[in-house]
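Please open the model in a viewer and keep the selection panel at hand.

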Amino acid sequence: MTRDQVAEELPNLAESKLTALVVDDSFVNQTIHQKLLNRLGIKNDVVTNGKEAVDVYCSGGNYDLILMDMDMPIMNGIQATKRLREMGIESKIAGVTTRANEGEKKEFMEAGLNDFQEKPLTISKLLSILHKLNFYVQT
Amino acid sequence: MTNIGKCMQGYLDEQFMELEELQDDANPNFVEEVSALYFKDSARLINNIDQALERGSFDFNRLDSYMHQFKGSSTSIGASKVKAECTTFREYCRAGNAEGCLRTFQQLKKEHSTLRKKLEHYFQASQ
């Protein structure tokens, strides 16, 4: 999808000043997810595990959207999502993982996700997340 | 497939094309950079798995964990043949089949090496 096509799809996205946090221990996935977010004009930061994500929020950080991987060392995505919700964090959290069986998906959703997408993440899937979480205003 | 052509067929799937779509003036070498990250990461995982297998005692949970990571990054770059071998290896882990793991890992390393050479050639040709 080109920038012009994205702009047509979400005309107000560029003005929305959305921010996102990528939580993933894989450098490959971090790079791809950041590029996807950059393509949509979403300012973003990266951390490498759930504990770092929690620490960012404890230090006063805040993001509109968190892209949360499930399997990470130190603190995984389920633990981090539960912890953030216990802290009262209301950021939208989208789980992004290769684990797709219904039981694992259910457990991740029940931790406090707002949406779930199976990896690999693509522009279409990211747009689907943004649509579902009402991150744009349709004209 | 875009410019990948017949030599890559079967080795890379539509996810690689998705990555090529993300390449732009701001990041003209994006796909090559992601590929380099993948091969650096996968070399580490191959080394970890090699060492675990050489020890002789098969910790299937640990092996499965390494292979889960390997499968994840292979999926992200569109490395379909490598991904398929990762899946097979994990099935052998779940079955506790050491011989199957060893055999599959040798095949995985072959596919990985072939992919690496093909991509190196592909990036050189596209410059």
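**Stop one: A:Asn114**

Select A:Asn114, which is partly exposed because its relative accessible area is 25%, a value between the limits of 20% and 50%. The model in view is a predicted one. A:Asn114 sits in the loop that connects helix H6 (102–110) with strand E5 (115–118) of chain A.

Next, display the side chain of A:Arg85: a polar contact of 2.7 Å links it to the side chain of A:Asn114. Leaving out residues up to four places away in sequence, the residues touched by A:Asn114 are A:Arg85, A:Ser91, A:Lys92, A:Ile93, A:Met109, A:Lys132 and A:Leu133. From this set, pick A:Lys132 and draw a C-alpha to C-alpha distance to A:Asn114: the two are 8.8 Å apart in space and 18 residues apart in sequence.

**Stop two: A:Thr122**

Move to A:Thr122, in the loop between E5 and helix H7 (123–132) of chain A. Is this residue buried or exposed? A:Thr122 is buried, because its relative accessible area is 9% and the limit for that class is under 20%.

Then bring chain B into view: apart from neighbours within four places in sequence, A:Thr122 is in contact with A:Leu36, B:Gln15 and B:Glu18.

**Stop three: B:His68**

Select B:His68, in helix H3 of chain B. The UniProt record lists this residue under "modified residue: Phosphohistidine". B:His68 counts as buried because its relative accessibility is 12%. With neighbours within four places in sequence set aside, the contacts of B:His68 are A:Asp71, A:Thr98, A:Arg99 and B:Arg90.

**Stop four: the largest pocket**

H3(B) contributes the most to the lining, with seven residues.

Finally, colour the lining by residue class: ten residues are polar, nine are charged and three are nonpolar.

Key:
Residues are numbered from 1 along each chain as its sequence is written. Chains are lettered from A and ligands numbered from 1 in the order in which they are written. This is a predicted model: local features need pLDDT of at least 70, side-chain atom pairs count only at pLDDT 80 or more; totals for chains, interfaces and linings use all residues. Side-chain values use heavy atoms; hydrogens and water are left out. Helices (H or I, at least four residues) and strands (E, at least two) are DSSP runs, numbered from the N terminus. Ala, Val, Leu, Ile, Met, Phe, Trp, Tyr, Cys and Pro count as nonpolar, Asp, Glu, Lys and Arg as charged, and the others, Gly among them, as polar. UniProt positions are given in the numbering used here, feature names are shortened, and annotations may be inferred rather than shown by experiment. Buried means under 20% relative accessible area, exposed over 50%, partly exposed in between (1.4 Å probe, protein chains only). Contact means heavy atoms within 4.5 Å. A polar contact is a pair of N or O atoms within 3.5 Å; within protein, one must be able to donate a hydrogen and the other to accept it, and residues adjacent in sequence count only if both atoms are side-chain atoms.
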